[in-house]
Structures are given as C-alpha cells and as structure tokens.
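Student: Hi! Could you walk me through this one?
Tutor: Happy to, let's take a look together.

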2 protein chains.
Amino acid sequence: MNQKNIATLVDVARRSGVSTATVSRFINTPEKVNKKTRDKVERAISELGYVPNFGARVMAAKRTNTIGAVIPTMENAIFARGLQAFQEGLHDHGFTLLVASSSYNPDIEEEQIRSLVARGADGLLLIGHDRNLKILEFLERHQIPTVAAWSLNPHSRIPSVGFDNLTAMRQIVDAALDYGHRHIGVISAHTKNNDRARERLNAVRLTLHERSVSPENLSIIETDYGVDEGSAAFEELIAQHPSLTAVICGNDVLAVGALKRARELDIRVPDQISITGFDDIEIGQVAFPSLSTVHVPHRAMGSAAAELLAKMITNSAPYRSVELHTSLVLRESLGPARTSVKS
Amino acid sequence: MNQKNIATLVDVARRSGVSTATVSRFINTPEKVNKKTRDKVERAISELGYVPNFGARVMAAKRTNTIGAVIPTMENAIFARGLQAFQEGLHDHGFTLLVASSSYNPDIEEEQIRSLVARGADGLLLIGHDRNLKILEFLERHQIPTVAAWSLNPHSRIPSVGFDNLTAMRQIVDAALDYGHRHIGVISAHTKNNDRARERLNAVRLTLHERSVSPENLSIIETDYGVDEGSAAFEELIAQHPSLTAVICGNDVLAVGALKRARELDIRVPDQISITGFDDIEIGQVAFPSLSTVHVPHRAMGSAAAELLAKMITNSAPYRSVELHTSLVLRESLGPARTSVKS
DNA sequence: TGTGGGTGTGTAAGCGCTTACATTTACTGG
DNA sequence: CCAGTAAATGTAAGCGCTTACACACCCACA
C-alpha cells in the first residue's frame, strides 16, 4: 500500500500468495487462470478493495478502450441525444466515452483533442469539419481513428457520419418559397469555424438565387447560440425589415427564441410571419405554435458514428463516410406568406 | 519513437541535447529552466509534435488535475447548464472536467465512479445522495474529495452543494393550494434511487397534510424522464381522475409534456387545469402557456460546486455544504382552481 | 519409463514520465 | 585566486501495470 492507502496489484499478489502476473491475468483473461487460484485472487481483491490503476494499465498495455468526443457545448440539447446514442453504441463494443466541450472555440477544441489523445483515447468523435491542418496532422501522426459528425464532407481526410447541411436546409427553404415567401430573414449561428452554419446559410442564398429571388430580399443576422439570442435577433430583424414574411433560423433554439419574441410582440405566427427551425429537438414540439423544422436523425447518427469508429479502431479497416438523410417536419409555424406587406 | 510513431520525452531530450529531467522541467516548471535551454527544448517539442503521455505522467506524479462528474443523463437540459458552469469554474482552477453518464442506473453509476477514480480523478461531482454504502466507502478509502449537487443532505458523509428539494417543492405546492386547488395530481420522476424526486414528492404529501387536504385528493404517477412520458402520464391522470384541477410535475420536462398533451386534448391551461414544473429550464419559458415553476440556480450551483471541490482538493480543508435557494416563478400555467368539477 | 504437449505460474523487462539527489557551472566577495 | 553559494542540469530510481519467455507440472500415449 502506498501513502494514499490504495491497494496495488502487488498487494493483491502478496495477499493471495501468487505472482503479479497471475493477478494481472485474473483481471484481463480470467479463463487462463485456474479456478482455485481465481477464487483466492478474487477474495484478496475484494478484501483490499483493489481497483487497477488506469494510467499504469494504459502505459503497459497501450490500449484504453476509451474514446473521446469533443462537442461545441454541453449547454444545449442538439448534441445530447446523438451523444447518448453514441455512448450506448460504444458501450456495446466495450468502449467508454469521455466527453469534453470546446465552447465553440477552436483553440479550446484543439486543447481538448490533445488532452484526450494524451489520455490515450483510442478514437475521437468531432463535430463538423472546420479545423486547421495542424490538428489534423497531429491526429494522423498519432494514428487516432477519428470521425466527424453532424456534417458531411467527402473531401475531408476525416470520414463523416452525418448529413449534407446544404441539401437539408434547402428542403425547408424550398418549402418556404413554395408558400409564397419572397422576403426572407435568416437568423444564423456564427458561420466562422462552423461548417454546419455556413452550409445552411449557403443553402438559403443558393435556393433564392435558383428561384430568382433577389438577394436584396434576403436579410441575415448571425448571432450566438441561445433562446434569448434568437429573440433579440428576431426583433432586430423585423424592426429593420418590416417587409419580411418568413424568418428561417439556423437551428431550433434560435427559432424558438424568435417564436417567443413574436408572441411577446403580438405578432401572429404563421399568419403574419412564418418561422422555421433546424434540428427537430423537443423544444420545437412544445413551443407554440409548434415549429416547422428539418428533422435530423440524431440517434441514428450517434449509433452510426459508434459503429464506424469501433470498426476503424478494431479492424483498422478501410472506412467510408456514412450519409444520413434529413426530412422536413411541417408543423404550425410555417404558413403562406401574407399578401399585404403591412399586417 | 515507438511503433506508433509517437515522440516521447526521451526523443525530445535526445533531439535537444538535454536530459529527460530538463525536458520534464520545461513542461512542468519552465521558470526553472534557462532561457537558452528552454528555446532548444521548445523547438524540439514542436518539431516532433510531442505530447506528454498522460498515463505516464499520472503514474509518476500522482496528480491528474482532472475531476470527474457522473450525471444521470446527458439527454436533457437539466444538468447541462449547471455542468457548464461547473466546468468553467474548474477551468479557472486549472482542472479538466470529464463527464460520464449513468442512465439513472446505480450500477452504471458505480462503474463510472470506479472508472473515473481508476483514471486518477482528483475529485468527483455526483448528483444527489442516493447511493449505497459500498461506493461511499470506496471513495473514502481512496480519499477522493467528492461533492453531491442538486440536493442537500446534512447527514450524508458527502458534502452537498444544492438546495433543499423538499422546501423548494413546497413553495409551488403552497402556491397551488393558495389558488384554491384541492384535487391535485402529481407526475413524478421515479423515486427509487432518486432523492430529489422523492423529496419533491414528499413535499406534496406533507404540504397537503399540513393544510388539511385529504390524501384521497392526491393522485400520483411515477414515470420515466421525457416530454412524451409527461404527456402520457398527464392523459392517464386526468382520465382516471377527472376532478383534478392541478397537476404538479416533478420537473419541467414532464410538465411541458403535460402542457403539450393538454393542448392536444383541447384542455385549457390554466382555466380548466393548472400545471406546474420544477427546475426552470428554457423549455418552460417557450412552452405555451408558459410554465409556472420553481427556479433552480443552476449556474450558481455549478460554480459553487467547482469552488468547493477545488478547495477540498488543494487544501484538504474542512469543508461545509453550500445551500442555495430556489424561488417561485409564476408564469401562465398556474391559475385559480375552476369551481365546478366538470369543465 | 520416456516423450510430447497442454496448462498454469512465475520472473523480470519495460511502458513514459517525475523528482530526490548528485553534480556541474557561474558568480560573489574576501 | 579560491571558498562559498545559488542556479542549472544530469542521473537514476521508481510509479503500477502487462506480457514475452521460461519453467514446472500433469497426463496421455507409445
């Protein structure tokens, strides 16, 4: 026992009268240990309350069965569900998940990646593809199997498990245009370092262009993530552009914020203005009016990411990106454009 | 370099022409290294893309600057905000947070605790006080500073950073009674292994008792966590007990589910029935009608937990529990009891 | 009885770091 | 010019585990 009063493998060996090798075998490959010996060791372990030291184990064995995930934030539900599925999938493959968050800050993300690698993560889950070459090379050098989720980028050296944000967003923009909306506002998450936000925004631009709506009829605000931010952006948008008949939001949280402020301002949705989201998280279902949005298969994405990563780690197999598909969820908040500009 | 092509401290030492001790010092206490040496080492490190091996480091130094948290689930917002604050607080003290989730399963929680300890966590954040003696003794034996949040229990050997769930819940039950409600339904989270849920439920029973409302006028359903579960429970409750005028929910998510189902059933809230929540998370603000609930200072709790834990780790100081206070948030979903039993 | 092949165990060499202690170097003042 | 001291660096002993290899046994078979 050391000063911290923690039993080590040596203590267990001594107490049960066997060698350290046998104790180690008992822990890792019990079937290779004689039943009688097994019982002795087992008893010693429980009497001492022994727990193998993870660090020592990793050092000696070079395998951690740990995989790390770095997500932009824990403070919202967007990643929660997918992550939960990811965790469950990993668990089935015998991996433990460790989660760290980057607060949407690339430097912190890099720090977290390094920290996870230093901790011996056998693989990594990252969100999106926006990150600098240096960290990609770092991952390659360390040969850390990595997958990027919530995004799809065939040109990245990291395989994706996700959906095409551009295509996905076009679904709902098309729907809005079909409803006759021609003056459109966008509340987007910050597009810097965020390929998801950028592609969604591009989808709006592109779709309007294709359908011959002048860029002048498009007003964009980028803002931080959050309900209150969505509310503020909404108010600003309609104050400056009273002719807007639809506000497309980059995610459900912003949309719900917009919805809330609309209600506070006595603006009827969708009669006077339509509002749409993206992600299809619970908050959109319970909002009033309920939110029309783009459904993202969060759980399927998490599971698929777990599968792929497990495969990459155990087989070192050639991998392929997994594309998932989104679908339109039309609820109440999207309706026909009002015809007169004044409400 | 080993087979995995990863530079070690020895490689760095060789490349920069100094000893391993110096490299180690450069990393841990750069001020003890001569400027010129520092530059050499720095260059070697960046050329090699060296990252210290965490496991080795822990083994040699016995300190990880890591603290672990085990939360019941990632799949909801209740813990997210507090955890984010916790993480930020820890970061200021130089600690890294690792999060694991237990899916509300005590066995998994225990497994996660052990895993975190084996990984060398310097401290632990747990939710609530319900856990068996064995794991508490394990933590004591390993001398792992631990705090329990979201709950308050002066009798536990683990200090708390949280609020008294009983007192907190009484606030809103009192409010409901003040509004004249005498037939009350409760949608509670499962109370097994969950002291928060149990105390909140007790609060209802106790308050009714004190205010002379017959226990027969109280109907309780326990259910899993989730919006849909809340909806189902609500429907069941009012089907079986049409005389109910208020439904008290154990948390906001269940309450929002109830709210949603009420709307779907064309039951007007609060005119025909009142619904209350607990936690004050965003979803309650955007729900319609907006949710009357009990505000929990999530961020303050997270910060306070970080402070306390940091203090316990660095000072090994005598600690004291931190009590936080909740407050009533009266929004739209709670109103006067309807007078006629039929709507 | 001798040989071959399991099975079960033990011995000991690391894994990549930190750090106590020893040594060297660079100044200082007498 | 040298003892004395402080600063910088090096040497080497672990930290707690895994695992290659060696060894001891036991049984079956010839």
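Predicted model: local features only at pLDDT ≥ 70, side-chain atom pairs only at ≥ 80, totals over all residues.

Student: Thanks! How is chain A laid on chain B?
Tutor: By a turn of 180° and a shift of 0.0 Å along the axis, with an RMSD of 0.1 Å. The two copies are thus related as by a two-fold rotation axis. The superposition is by least squares on the C-alpha atoms of residues with pLDDT of at least 70 in both copies.

Student: And which residue of chain A comes closest to that axis?
Tutor: A:Gly55, with its C-alpha at 2.0 Å. The same surface serves both copies, as 98% of the contact residues of chain A recur in chain B. Contact means heavy atoms within 4.5 Å.

Student: On to the DNA. Which residues come nearest to DNA strand D?
Tutor: A:Leu9, A:Ser24, A:Tyr50, B:Arg25 and B:Thr37, out of 27 residues around DNA strand D. A residue is near a strand if one of its heavy atoms lies within 4 Å of it. Sugar and phosphate make up 58% of the atoms of DNA strand D that come within 4 Å of the protein.

Student: What polar contacts are there with DNA strand D?
Tutor: One of them puts a polar side-chain atom of A:Arg57 at 3.2 Å from a phosphate oxygen. In another, an N or O atom in the side chain of B:Thr22 is 2.8 Å from a phosphate oxygen of DNA strand D. A polar contact is a pair of N or O atoms within 3.5 Å; within protein, one must be able to donate a hydrogen and the other to accept it, and residues adjacent in sequence count only if both atoms are side-chain atoms.

Student: What about DNA strand C, which residues are closest there?
Tutor: A:Arg25, A:Thr37, B:Leu9, B:Ser24 and B:Tyr50, among the 27 that surround DNA strand C. The side chain of A:Arg25 has an N or O atom 2.5 Å from a base oxygen, while the side chain of B:Ser24 has one 2.4 Å from a phosphate oxygen.

Student: Switching topic: how do helices H6 and H7 of chain B pack?
Tutor: H6 (residues 106-118) and H7 (residues 133-141) of chain B pack at about 10°, with axes 11 Å apart. That makes H6(B) roughly parallel to H7(B), a label for angles under 35 degrees. Axes are lines fitted to C-alpha atoms, for helices over the stretch in contact, and angles run from 0 to 180 degrees between N-to-C directions. Helices (H or I, at least four residues) and strands (E, at least two) are DSSP runs, numbered from the N terminus.

Student: Last one: where is the cis peptide bond in chain A?
Tutor: A cis bond joins A:Val269 and A:Pro270, with omega about 5°. A:Pro270 is in the loop between helix H11 (252-264) and strand E9 (274-276) of chain A. In chain B, the bond from B:Val269 to B:Pro270 is cis, with omega near 5°.

Definitions and conventions:
Residues numbered from 1 in each chain as written. Chains lettered and ligands numbered in written order. Heavy atoms only, no water. Parallel < 35°, antiparallel > 145°, perpendicular 65-115°, else oblique.
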